[in-house]
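These are my notes from a first look through this structure.

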Amino acid sequence: DHPAATAQLTGSYANPENVGGWIGWIEPPDGAWIAFVNESGHALLWTQREPDGGVVGDPIEFERPDLVAGTQKSRLRVRFTSSSDVCAVRKDVFGPKRLVGGVVLEPNPNDGRGDAQKHVYTAEDIEEAAHWYMQHAGLDDQHGVFLDKGTARVVESHVVTMDGYRFGDQVLKKGTWVMVVKILTDEAWAKVERGEWNAFSVEGYSRTERL
């Protein structure tokens with residue numbers, strides 16, 4: 001067995017989404033080989049290196065699920081965005097309290113045609129995601145930087161249990177995930193006022209298997 005099969009990460013990336021989903025690498029002190037691990041635990045090992053640190057040849061593929069057990073927070077994120085492709089947050093509903101709220105996900109969006117990325121999800125998928133998120137994850141901004149809890153904090157999160165639920169001037173369907181966030185700093189509130197943070201957007205990672 002190669003040492004990469006059991007060694008711990010020797011380096012990590014702060015924002016895996018900016019580097020293709022890679023969480024970090026394993027490399028011995030002499031730099032003789034290097035292995036990169038992604039957020040699903042899939043690893044690529046190069047056993048030959050160039051003098052300048054580059055890699056030679058094709059990688060050996062293997063799995064290291066143990067290395068991602070502690071990185072669950074990066075598998076599902078809710079971020080502030082300025083995108084017009086998702087439902088806008090309702091800052092005007094909450095006003096002086098500096099609360100913003102809106103739809104995070106709705107089941108079978110656009111009558112089953114999918115969201116802006118052509119993704120379709122059921123009410124059951126959304127409920128599982130909403131519950132997982134509240135246990136493990138946090139907010140980040142549209143640039144992929146996690147927000148400190150002193151900047152913004154989720155104060156309400158629920159999945160609608162009946163059709164016709166009213167949220168501001170929106171009428172929501174059963175299974176829709178709604179979130180309310182309290183903005184805690186002047187700088188963050190200014191981003192809401194300027195429209196830089198005017199909607200919620202979900203980013204997630206999944207592992208697929210050929211059937």
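I counted a salt bridge wherever a side-chain nitrogen of Lys or Arg lies within 4 Å of a carboxyl oxygen of Asp or Glu. By that rule the structure holds four salt bridges. I note that this is a predicted model, where local features need pLDDT of at least 70, side-chain atom pairs count only at pLDDT 80 or more, and totals for chains, interfaces and linings use all residues. Residues are numbered from 1 along each chain as its sequence is written, and side-chain values use heavy atoms, with hydrogens and water left out.

Entry: arginine 64 and aspartate 66.
I found a salt bridge between the side chains of arginine 64 and aspartate 66, at 2.7 Å from N to O. For cover I used these classes: buried is under 20% relative accessible area, exposed is over 50%, and partly exposed is in between (1.4 Å probe, protein chains only). Arginine 64 is buried, at 2%. Aspartate 66 is partly exposed, at 45%.

Entry: aspartate 186 and arginine 98.
I looked up this salt bridge next, and its N to O distance is 2.8 Å. The two residues are 88 residues apart and link distant parts of the chain: aspartate 186 belongs to helix α3 (residues 186–194), arginine 98 to the loop between α1 and β7. Helices here are DSSP runs of H or I with at least four residues, strands are runs of E with at least two, and both are numbered from the N terminus. Aspartate 186 counts as exposed, at 58% relative accessibility, and arginine 98 as partly exposed, at 26%.

Entry: the backbone at arginine 98.
Most residues other than glycine have a negative phi. I noted a positive phi of about 55° at arginine 98, which is not a glycine. Its loop runs between α1 (91–94) and β7 (99–105).

Entry: glutamate 196 and arginine 194.
The side chains of glutamate 196 and arginine 194 form a salt bridge of 2.7 Å, N to O. Glutamate 196 is partly exposed, with 28% relative accessible area. Arginine 194 is exposed, with 54%.

Entry: surface charge.
Where does negative charge gather in a patch on the surface? I found it at Glu124, Asp125, Glu127 and Glu128. Such a patch takes residues with over 30% relative accessible area and no salt bridge, like charges being joined within 9 Å. I then checked glutamate 124, which sits in helix α2 (residues 123–136). Glutamate 124 is exposed, at 58% relative accessible area.

Terms used. Patch = residues over 30% accessible without salt bridge, like charges linked within 9 Å, V, L, I, M, F, W, Y side chains within 5 Å. Areas by Shrake-Rupley, 256 points an atom, 1.4 Å probe, with all protein chains shown as cover. Lys, Arg positive; Asp, Glu negative; His and termini not counted. Charge placed at Lys NZ, Arg CZ, Asp CG, Glu CD.
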